[in-house]
Amino acid sequence: MSSIRVVLAEDGALLREGLAGLLQRFGFEVAAAVGDAEALVGAVDEHEPDLVVTDIRMPPGFSDEGLRAAVRMRLRRPSLPVVALSQYVESSYAAELLDSQNGRGIGYVLKERVVDVADFADTLRRVHGGGTVIDPAVVRQLVRRRSTPLERLSEREREVLALLAEGHSNARIARDLVVSEPTVGKHIGNILAKLDLPPDGTDVDRRVMAVLTYLREQPE
Amino acid sequence: MSEESAAPDPYRGTQPEMGREPPPPRTPLEALRRLPHRRFLLSSWPWRSLLHLASTAAVGAVLAGLIVPITFPLLVLADAVEEIARGHSRPDWFLAALLGSGLALLLALGPLVAVPVAALERWRLRLVHPRLTSGHRPTGRGVLRWARIRYTEAATWREFAYLLLLIVVVDVLSWTVLYWFAGVGPFLIATPVITALGETVAVFPWEFDTPLSTLPLAALGTLLLLLTPYAAALAAHANAALARVLLDDRGTEELRSELVEVTRSRARLVDAFEAERRRIERDLHDGAQQQLISLAMQVGLARMDAPPGSEMERTLASVHGQAKEIIGSLREIVHGIHPKVLSDRGLPAALPELADRSAVPVRTHVNLPGRLPAHVENTAYYVAAESLSNVTKHAGATEVRLNAVLDGDTLVLETTDDGRGGADPGGGTGLTGLADRVAVVGGRIWLSSPPGGPTRLRAEIPCLPSG
């Protein structure tokens, strides 16, 4: 199996080197490692990578240049998997990324998650495989917000939803919560029913998408 | 919002509540400019202006009589000059003596008239103008002391100048307006009736004796009468403007402009602090935070290389855990210094995020059209953060509502909790600091916190450019 080719964008030189090392260590191939959004777009055009990992806050404005670049790239290459690293939890950032094309192959995680190296590498692989990974903190934040339809969910169902949004399979959720897989399936069915979502989606990513889209559209 | 303004005001204000409508006009000219014609004519302004004019005319007439003894030498001088013009001769020493004694009398006794007249005028002007304050210093007891202070004060001599202008210009103006508009106008309107009664009306150089021939006069009279309120308002305003220049306390004006300058400098200081906080946040983010993450990442990698279950693996795991904790603490500290989400995404993103951090559950309702001026966003965020932290610390509440809406040009931020109430603005709960911070940007704060709750804090922040 050929290795996943990655274009990496991170403005801090030290962290960029470290991340490149981490990627190589886990068998990714770093096609290019750049320091700003302009260079990122250029490198993607040049190397046509299998995956983009980008910091959101980058020069020149140090606000959301990386995110803007990612959304732009997704318009031209809808199937390009992108993992965005965020300095803070901002559900609207996640929402914007999910809005780009069908939301498949999208990762939105806090930057400090790179510290858990193996989990981070796993995240990259799942996104590369077309999965959707949303940082648990974002999900926690959405779940905590009152006056959303999430209030209808039980404590257990919220736990399931959080794991769901992290892109985990039913089997993994069952293992994490120490319940059986059919129980997880039942919980998911309840969640979809309580949120008035169509029950036909069997694919985990589509269910995550549906949930997040639904949350976003709820006026507070 | 409407239900609140209809209810009796439950807020204890740090400043008096102001209406949502623009404040009523404070001078005849403002009334003329701002009110539609109908509303102006139906308002009290024409009547107040007319009343003021009439009293000016009366005061002027009385004063002209009063001041005759003082100006007697000058009047004789004027008479003499007239005689000279007719070809008679008067000795130079006589003219000089008249001029000298006239000026001396005027300067010596003028202030004795001017000071009480000025007091009367300030009182009278309240009919058509916001209150003016006397620029006189207190004199204490003693006639000599009084004279020494009064005769050396600029305020006294400005009042003296006003007195002269009142008699020579303002009085004449008032009489003129009264005569032509309020006097001649009604008279001309009455001419058809007068001629119908068989009298003849003479308007130089014409004479009118039939009602039909006087119709143009009546029309002119109607026009004059219609214009009376406007003429009265303008004349009253002119008088008031002159009084503001000569009778108002200059010291107050200087203080006022100094106060504006102090307020601005306070706003600049707050802006500077805010900029400094942003800089520190950026430095920490680019420096310590990145380095720590990089370090923890390396430790994470090294941990993978260590033999599983070995002493080294356990040590590295512990170091890794500690590094992650430091990263978390540093993130919180940096966020406290400056919430990047606020400068990046504005209040619509930052307030819900703030609410998510609160220990007490918060329902947020943010309805803002987008970004607001930075100093408004910063202040609003600060108010929201402080009040949520107050609720957590003191209120014993189970839920808070946080609302942020734009009311015209004003950002209205409200927190309401279901706690025990009884918050005391003077009790060191940070409320004074909040009021200060909001005052810097020209905003206001209300607190309503009856014992037993609920506690409501409302901040109004005008969304004007900084400065």
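Which residue forms a salt bridge with A:Glu112? The partner is B:Arg331, and the closest N and O atoms of the two residues are 2.4 Å apart. The structure shown is a predicted model, in which local features need pLDDT of at least 70 and side-chain atom pairs count only at pLDDT 80 or more, while totals for chains, interfaces and linings use all residues. Residues are numbered from 1 along each chain as its sequence is written, chains are lettered from A and ligands numbered from 1 in the order in which they are written, and side-chain values use heavy atoms, with hydrogens and water left out.

**View 1. Chain A meets chain B.** Chain A brings 33 residues to the contact (heavy atoms within 4.5 Å), and chain B brings 34 residues. About 3100 Å² is buried between chain A and chain B (accessible area for a 1.4 Å probe that is lost on being put together, summed over both parts), and carbon and sulfur atoms give 52% of this area. Five salt bridges are found across the interface of the two chains (a side-chain nitrogen of Lys or Arg within 4 Å of a carboxyl oxygen of Asp or Glu). On the side of chain A that touches chain B, α1 (13-25), α4 (91-99) and α6 (136-144) of chain A supply at least two residues each. Helices (H or I, at least four residues) and strands (E, at least two) are DSSP runs numbered from the N terminus. The largest share of this side of chain A, six residues, comes from α1(A).

**View 2. The open sheet of chain A.** Six strands of chain A lie in the order β2-β1-β3-β4-β5-β6, with parallel pairing (at least two DSSP bridges between two strands). At the edges stand β2 (29-34) and β6 (132-134) of chain A, each of which pairs on one side only. On average, neighbouring strands of this sheet are turned by 15° against each other, direction ignored.

**View 3. Strands β1 and β3, with helix α4 on the sheet.** Four bridges join β1 (residues 5-9) and β3 (residues 51-55) of chain A in the parallel sense. A:Val7 has A:Val52 in β3(A) as its bridge partner. Helix α4(A) packs on the sheet, where it touches β4 (82-86), β5 (106-110) and β6 of chain A. The direction of α4(A) makes about 165° with that of β5(A) (N-to-C axes fitted to C-alpha atoms, for helices over the stretch in contact, with angles from 0 to 180 degrees).

**View 4. A salt bridge within chain A.** The whole structure holds 38 salt bridges over all chains. In one of them, the side chains of A:Lys111 and A:Asp55 meet at 3.0 Å, N to O. A:Lys111 lies in the loop between β5 and α5 (117-128) of chain A, whereas A:Asp55 belongs to strand β3 of chain A; the two residues are 56 residues apart, and the pair links distant parts of the chain.

**View 5. Backbone details in two loops.** A:Pro59 and A:Pro60 are joined by a cis peptide bond, with omega about 5°. A:Pro60 is placed in the loop between β3 and α3 (65-76) of chain A. A:Glu48 is not a glycine, yet its phi is positive, about 45°. The loop that holds A:Glu48 runs between α2 (37-47) and β3 of chain A.

How values were computed: Buried area is the accessible area (1.4 Å probe) that two parts lose on being put together, summed over both.
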